[in-house]
There are 2 protein chains.
Amino acid sequence: MGRWTPNARGRLEAAALELYEQHGYDQATVTQIAERAGLTERTFFRHFTDKREVLFGGAQLLQDHLVQRVADAPASAAPWEAVTTALGGAGEVFPADRESSRQRQRVIAAHPGLQERELIKLATLSEALSGALQRRGVPARTAQLTADTAIAVFKAAFTRWLEMPERPDFAALIQEAVEEQRTVVAG
Amino acid sequence: MGRWTPNARGRLEAAALELYEQHGYDQATVTQIAERAGLTERTFFRHFTDKREVLFGGAQLLQDHLVQRVADAPASAAPWEAVTTALGGAGEVFPADRESSRQRQRVIAAHPGLQERELIKLATLSEALSGALQRRGVPARTAQLTADTAIAVFKAAFTRWLEMPERPDFAALIQEAVEEQRTVVAG
């Protein structure tokens with residue numbers, strides 16, 4: 001089915017983000033995205049179900065990665081250690097090009113519907129982490145509280161990651177946010 | 001405009017919750033809600049903009065109440081103390097009839113679109129608390145982390161509040177969740 005196109009997915013993503021930012025997410029069409037990437041619509045639909053998935057396709061990958069890391073934590077690891085260590089490894093699945101992540105955030109920030117989708121993504125991630133903790137034997141209520149508290153840390157670290165001029169070590173940013181949060185809740 | 005109807009809002013709410021639960025949220029119509037409450041559609045629209053607002057109309061009230069309490073906290077209160085004390089007072093604006101809150105949760109749990117709306121409500125509340133903390137001089141990043149961490153506590157306490165057989169003191173449940181969270185993040 002069709003010729004192999006080097007890095008078609010990456011080219012489609014870059015073209016889509018440019019279009020979303022320059023002309024607005026609602027205005028952009030798949031036809032325009034494919035054209036700008038020098039590819040066909042058919043190729044677009046081999047990689048994405050729709051134009052929204054360009055922005056949120058990475059969420060499942062991130063979630064699977066984190067859930068696996070929580071599962072793989074040593075049996076001796078406390079729930080908080082298991083989940084924050086997993087979050088520290090999220091940098092492994094972030095795009096190599098940090099500017100594309102920033103562009104994505106700007107597109108989302110400009111569109112209420114996409115902001116809602118982003119919130120739902122984080123809540124789904126929290127549920128998934130809670131599930132992973134429960135499979136480690138953590139009671140449901142504590143697992144949910146732990147996961148929700150960890151998502152607060154993740155949001156803080158990710159915002160910082162986008163802002164910093166040089167590409168920072170995500171694990172170090174998670175650690176910083178964990179420490180700041182511990183100070184906050186100590187009163 | 002129309003006769004005064006005793007507790008029209010409460011009757012419409014009760015009728016709507018019953019219908020949503022028995023026949024499904026999507027199926028219920030404003031006509032049916034009004035009929036079941038023994039009122040007119042016109043009266044419904046004096047109290048609610050649409051059938052979704054029956055479920056989420058209290059969110060703004062809760063948010064205003066909590067933001068005001070954060071603003072009113074003594075200048076000496078640390079951010080965490082200000083925000084968790086405010087949350088402890090949320091019980092003041094919860095419905096007197098706890099069964100209606102449980103019914104509301106069941107309706108939301110059965111409907112993905114309403115679950116999303118509930119998440120957005122909590123995220124909006126978090127933003128509002130973060131804003132209130134910033135007006136107390138807390139830097140933006142710390143304010144957001146503090147508010148998001150507090151929302152994790154709020155969710156835990158509210159779930160517990162719904163589950164408990166006797167009407168519990170919400171402030172005590174917030175305090176319990178705060179302590180559990182502190183234990184969690186201590187590792």
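Me: What's the accessible surface of chain A, and how much belongs to carbon and sulfur atoms?
Reply: About 9200 Å², with 53% belonging to carbon and sulfur atoms. Areas like this come from the Shrake-Rupley method with a 1.4 Å probe, and for residues only the protein chains shown count as cover. Bear in mind that this is a predicted model, where local features need pLDDT of at least 70, side-chain atom pairs count only at pLDDT 80 or more, and totals for chains, interfaces and linings use all residues. Residues are numbered from 1 along each chain as its sequence is written, chains are lettered from A and ligands numbered from 1 in the order written, and side-chain values use heavy atoms, leaving out hydrogens and water.

Me: Ok, and how much of chain A is buried?
Reply: Of its 187 residues, 48% are buried, meaning under 20% relative accessible area (1.4 Å probe, protein chains only).

Me: New topic: how many helices and strands does chain A have?
Reply: Nine helices and zero strands. Helices here are DSSP runs of H or I with at least four residues, and strands are E runs of at least two, numbered from the N terminus.

Me: What box do the C-alpha atoms fill?
Reply: Roughly 55 × 35 × 30 Å along the principal axes.

Notes. Buried < 20%, exposed > 50% of the residue type's maximum accessible area, 1.4 Å probe, protein only.
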